[in-house]
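Please read them with the structure open.

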Amino acid sequence: MVIYAAIIGTGFAARKRVEALRDIPQVHLVAVASRNFERAQRFGTEQQVTASRIEELWHSQQLDLVFICTVNTEHGNLVNQALEHNKHVVVEYPLALNVEHATQLVSLARERKRLLHVEHIELIGGLHLAMKQHIAAVGTPHYVNYRTLAPKDPAPDKWSYCSELLGFPLMAALSRIQRLTDLLGSVAHVTCQGSVQPNSGYFRRCLYSAQLRFHNGTLAELTYGKGEGLWRRSRYIEVRGDLGCLIFNGNHGCLVTKTGEQPIVAAPRQGLFQKDTHWIMEHLTEGKPLYVQPEESLYSLRIAAALQQAAESGQRIML
């Protein structure tokens, strides 16, 4: 069985998909496309793949699968077009920037019996797998502190620093919420504070502090920021429970209990796009279950939308 695939996008994720697809014999990458056709041509020449205009993809009878790796604001419309033309779809999170639209897309995929896979490679990474392996040792969790800060000075003038193309930052950073819901379950209510520092269509810094109260009683504090004035990179998560504490600073962690400290080293993040891509192909060709369902990503998107509402209103938002 040969699967004919195309990629929409020319950035980091698109390059990773090209690399991964070249390792899979039963996949033939037929085209790359972009919002800017000249950019698609340059990317196609570099990757030795035919460049196409996006609208031409939908009328290709040969095409089976589309990878959407472009700016966040385009995700929903492109997924909709692909499904309407009966193509399988893989899209980088978030599925859409509007929860109602995203809900419609999940229903459309089920109706058309097409694959809709929202990439969440954080769930198959070494850090998350190590956390899932050891979290039971903390007993009943009651507090989580999750912090990711990415200094960038000067902040670049690119789409990921443009609110119009990126969307609400905690929607763009949906993997953080998805990690928490996968570990802790459903959320009862949220609050959120933060802002972006704008500058001529782009922002110099975004910084948000969110509080999620889970139905199991756990309080999670989620801090996310990038850009200028943050000074030091941080990727830190701790889960405190009645029997112990699980802490990771980067990929290095430890489990602290009454018996002492147990060091934990998580596997590095390299190769996750390849792992995700191989998983998708095994699902399409062999029926292997995927590691995440679109409904799970949709639920995290609803939480992100509630956080946006909380940040704008200053109120607690119930889910």
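The points below go from the domains and their interface to some local backbone features.

1. This is a predicted model, and the domain assignment divides the chain into domain 1 (3-119) and domain 2, the latter made of two segments (123-271 + 301-318). The C-alpha centres of domain 1 and domain 2 are 28 Å apart, and the contact draws on 11 residues from domain 1 and 14 residues from domain 2.

2. Between them, domain 1 and domain 2 bury about 1,000 Å², with 69% of this area on carbon and sulfur atoms. On the side of domain 1 that touches domain 2, the residues comprise 7 nonpolar, 4 polar and no charged. Across the interface of domain 1 and domain 2 there are 0 salt bridges by the rule applied, while 4 residue pairs are found in polar contact.

3. An unreviewed UniProt entry lists residues 5-120 as "domain: Gfo/Idh/MocA-like oxidoreductase N-terminal". In the model, residues 5-120 are 42% helix and 22% strand, and the end C-alpha atoms of this span lie 20 Å apart.

4. Two peptide bonds deserve a look, given that most peptide bonds are trans. The bond from Tyr-93 to Pro-94 is cis, with omega near 0°, and Pro-94 sits in the loop between strand S5 (88-92) and helix H5 (99-112). The bond from Asp-153 to Pro-154 is also cis, with omega near 5°, and Pro-154 belongs to the loop between strand S7 (141-151) and helix H7 (163-166).

5. Gln-48, although not a glycine, has a positive phi of about 60°; Gln-48 lies in the loop that runs between helix H2 (37-47) and strand S3 (51-52).

Terms used
Residues are numbered from 1 along each chain as its sequence is written. This is a predicted model: local features need pLDDT of at least 70, side-chain atom pairs count only at pLDDT 80 or more; totals for chains, interfaces and linings use all residues. Side-chain values use heavy atoms; hydrogens and water are left out. Domain bounds come from an automatic or database domain assignment. Contact means heavy atoms within 4.5 Å. Buried area is the accessible area (1.4 Å probe) that two parts lose on being put together, summed over both. A salt bridge is a side-chain nitrogen of Lys or Arg within 4 Å of a carboxyl oxygen of Asp or Glu. A polar contact is a pair of N or O atoms within 3.5 Å; within protein, one must be able to donate a hydrogen and the other to accept it, and residues adjacent in sequence count only if both atoms are side-chain atoms. Ala, Val, Leu, Ile, Met, Phe, Trp, Tyr, Cys and Pro count as nonpolar, Asp, Glu, Lys and Arg as charged, and the others, Gly among them, as polar. UniProt positions are given in the numbering used here, feature names are shortened, and annotations may be inferred rather than shown by experiment. Helices (H or I, at least four residues) and strands (E, at least two) are DSSP runs, numbered from the N terminus.
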